[in-house]
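Please consult the sequence and the structure shown below while reading.

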Amino acid sequence: MIFSTKLIETIYHDTSALLGDVIITEADLIEEIKMFEYTMTQVKQHPWQGRALDLAERDQSSPLFHNIQTSYVGDDPEEDYKEVIVWKVANLLYVTAAVDHDPNIAVKWDVVVFNG
């Protein structure tokens, strides 16, 4: 398991605190992580295998963060997200939490490998 339970809980709780009153579910985050980890089991001898990552820091300066902010965040409810929070988990490995303009739509989680 690449993502430790502690790391998942930290990302979920810190994101919930930052976003306030939006629909956010830990089960959706866990599902995204499970899909990523399953995919990683198909990659032979990847450096993330056999590690349990415990720490993440909020990212507000990486090329990924700037790419998301300029391409996917904006005022158009049909085309853009209202806000996206980015967590750096390891070198090239991130978790994003995207908030839709519609408050009835839950936060969309993604695990992202980005080498930009």
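The secondary structure of the protein chain consists of three helices and four strands; helices (H or I, at least four residues) and strands (E, at least two) are DSSP runs, numbered from the N terminus. Read from the N terminus, the order of the elements is α-α-β-α-β-β-β. The radius of gyration is 14 Å, close to the 13 Å that the globule rule gives for 116 residues, so the protein chain is as compact as a globular protein of that length. Here the radius of gyration is taken over C-alpha atoms, and the globule rule is 2.2 Å times the number of residues to the power 0.38.

The model is predicted: local features need pLDDT of at least 70 and side-chain atom pairs count only at pLDDT 80 or more, whereas totals for chains, interfaces and linings use all residues. Residues are numbered from 1 along each chain as its sequence is written, and side-chain values use heavy atoms, with hydrogens and water left out.

**Overall dimensions and surface**

The C-alpha trace of the protein chain spans about 45 × 30 × 25 Å along its principal axes. Of its 116 residues, 35% count as buried, where buried means under 20% relative accessible area, exposed over 50%, and partly exposed in between (1.4 Å probe, protein chains only). The accessible surface comes to about 7000 Å², and carbon and sulfur atoms contribute 49% of it; these areas come from the Shrake-Rupley method with a 1.4 Å probe. Among contacts with a separation of 6 or more, 55% join residues 24 or more positions apart, a contact being heavy atoms within 4.5 Å.

The side chains include 8 positive and 20 negative ones, and the centres of the two sets lie 11 Å apart. Lys and Arg count as positive and Asp and Glu as negative, while His and the chain ends are not counted.

**Nonpolar cores**

The largest nonpolar core has 25 residues, and those with the most contacts inside it are Phe3, Leu93, Val95 and Trp109. A nonpolar core is a set of buried Ala, Val, Leu, Ile, Met, Phe, Trp, Tyr and Cys residues joined through side-chain atoms within 4.5 Å. At least two residues of this core come from each of helix 1 (5–19), helix 2 (26–41), strand 2 (83–90), strand 3 (93–99) and strand 4 (108–113). Helix 1 gives the most, with five residues. Another core, of seven residues, lies apart from it and includes Ile68, Val84, Val86 and Ala98. In soluble globular proteins, nonpolar side chains tend to be buried together.

Beyond its neighbours within four places in sequence, Phe3 is in contact with Ile8, Ile33, Phe36, Glu37, Leu53, Val89, Leu93, Val95 and Val111.

**Selected residues**

| Residue | Relative accessibility | Class |
|---|---|---|
| Leu19 | 12% | buried |
| Ile24 | 13% | buried |
| Leu92 | 29% | partly exposed |

Leu19 lies in helix 1. The C-alpha atoms of Leu19 and Val107 are separated by 9.5 Å, with the two residues 88 residues apart along the chain.

Ile24 belongs to the loop between helix 1 and helix 2. Not counting residues up to four places away in sequence, Ile24 touches Tyr12, Thr15, Ser16, Leu19, Val107 and Trp109. Between the C-alpha atoms of Ile24 and Ile105, 81 residues apart along the chain, the separation is 9.0 Å.

Leu92 is found in the loop between strand 2 and strand 3. Although Leu92 is not a glycine, its phi is positive, at about 75°.

Notes
Charge placed at Lys NZ, Arg CZ, Asp CG, Glu CD.
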